[in-house]
Amino acid sequence: MTYNFKVHRIPASLLFAAIMLAGVAAPTGAIVYPGGGSADFTITQQKILALIDASVNRLNAAETNIQNNTQISSSAKTTTLNSLNSIESALLAYRTKVLAATTIEELQAINQEILQYLITNKDVIKANAKIAIADIAQSASAKASEIAAKAEQMIKVLYVTCPSQKSALDSLTQQTVQLKANAAALKSAATAKDSAAVKSLAQKTSVLVKSMVANAKVIQAACVIPTL
Amino acid sequence: MNKISLFIIIGVVFLGVGGGVLYFQSDTLKGPPEPTGGTFPDTESSSGNRPSSGGTGESTTGGQGSGSATEPTTGSTGGSPTTTKPPPPSGTTGANPPPSGTTGSTGSQTTTQKQVQEMDAAATQYGSMNSSVQGLDDSTSL
């Protein structure tokens, strides 16, 4: 009997069906393994274990990614890691059950539980990633506002002390207005946990901020007055 | 009245007039008395917020007020000796007075330079945040 499916890619529902097929009683004359197992039992057990391990590996990767991210607040980190760890613990408990199973019927029952659990929690990594992204985006929005405020202060002084740079200061003023708008939009996207919008706005704002700093440096250099 | 008396009278008048002239001239030559070096008004001394440019007071310390009650001895060109010393020439009161010996414009320049540096540092921090956001994957299913 050949099963041609990939544990990592196949949708859960199809996987369920496939494993159900694998759970049929061993045909008469099948090889009997020590402990009462059979070839079908062992194959099914291994496939379930592989399914669990793949999910645990994805969870671990997400946990590591969040754990190593220095921009996520400690509270968000705790929330997301606890969530991911609880799923991982449940899967490891199922793993123990699978290893302890002695009959194909037991495996079938455990397999159904696992598949249902995975279906219910299939988006846990996405959800926690969104929480982490939103958390950083809130900080990024505040930082963008801070940069805009600094730029406004500097521009105000330079309009007086360096009127020759009025044109450049006008451009920098426009950029500052845009930065403030981006900061507000970023905050809204973070609140809505709209990760796609957050990523797009964060990237655009990053480019804008770099440009502003470069322009500010040029203006500041042009306004140098020799020290008496 | 004899000649001698007349001579004496003329002499006395001459001496009186001459003495008066000399007295007047000596006052003129001396010019107005120097300021008494009176104390600053309370608002001046308490604020300690002296003009950043030093104005035209030409104080020996380069125009930097220390906030003390001591007046520059050569700073004033006017003012009646019988009145209190007028406040020092007004100048801009920049938020951040420049260090001693520098001009006001250099002070604002230093401030601007600091602001640019702060912007740069904040931009770097923002860049790290952006990288972190971009590095998080929200598309992986369990």
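## Chain A at a glance

Starting at the N terminus, the elements of chain A read α-α-α-α-α-α-α. That makes seven helices and zero strands. Keep in mind that this is a predicted model.

As for burial, 34% of the 228 residues in chain A are buried. Sequence separation is worth a look too: take the contacts in chain A between residues at least 6 apart in sequence, and 73% of them join residues at least 24 apart.

## Helix 2 against helix 3

Two packed helices are described by the angle between their axes and the distance between the axes. For helix 2 of chain A and helix 3 (residues 74–100) of chain A, the axes come within 10 Å and cross at roughly 165°. An angle over 145° counts as roughly antiparallel, so that is how helix 2 of chain A and helix 3 of chain A lie to each other. The crossing of helix 2 of chain A past helix 3 of chain A is left-handed.

Who's touching whom? From helix 2 of chain A, the residues include Ile48(A), Leu49(A), Ile52(A), Val56(A) and Glu63(A), while helix 3 of chain A brings in, among them, Leu84(A), Ile87(A), Glu88(A), Leu91(A) and Arg95(A). Sorted by class, this helix 2–helix 3 contact of chain A has 14 nonpolar, four polar and four charged residues.

## Where chain A meets chain B

The contact draws 50 residues from chain A and 32 residues from chain B. On the chain A side, the elements giving two or more residues are helix 2 (39–67), helix 5 (124–161) and helix 7 (195–222). Helix 5 of chain A gives the most, with 22 residues. By class, the side of chain A that touches chain B splits into 26 nonpolar, 13 polar and 11 charged residues.

Definitions and conventions:
Residues are numbered from 1 along each chain as its sequence is written. Chains are lettered from A and ligands numbered from 1 in the order in which they are written. This is a predicted model: local features need pLDDT of at least 70, side-chain atom pairs count only at pLDDT 80 or more; totals for chains, interfaces and linings use all residues. Two residues are in contact if their C-beta atoms, placed from the backbone, lie within 7 Å. Helices (H or I, at least four residues) and strands (E, at least two) are DSSP runs, numbered from the N terminus. Ala, Val, Leu, Ile, Met, Phe, Trp, Tyr, Cys and Pro count as nonpolar, Asp, Glu, Lys and Arg as charged, and the others, Gly among them, as polar. Axes are lines fitted to C-alpha atoms, for helices over the stretch in contact, and angles run from 0 to 180 degrees between N-to-C directions. Angles under 35 degrees count as roughly parallel, over 145 as roughly antiparallel, 65 to 115 as roughly perpendicular and the rest as oblique. A crossing is left-handed if the near helix is turned anticlockwise from the far one by less than a right angle, and right-handed if clockwise. A residue is buried if 20 or more other C-beta atoms lie within 10 Å of its own, exposed if 12 or fewer, and partly exposed in between; C-beta atoms are placed from the backbone.
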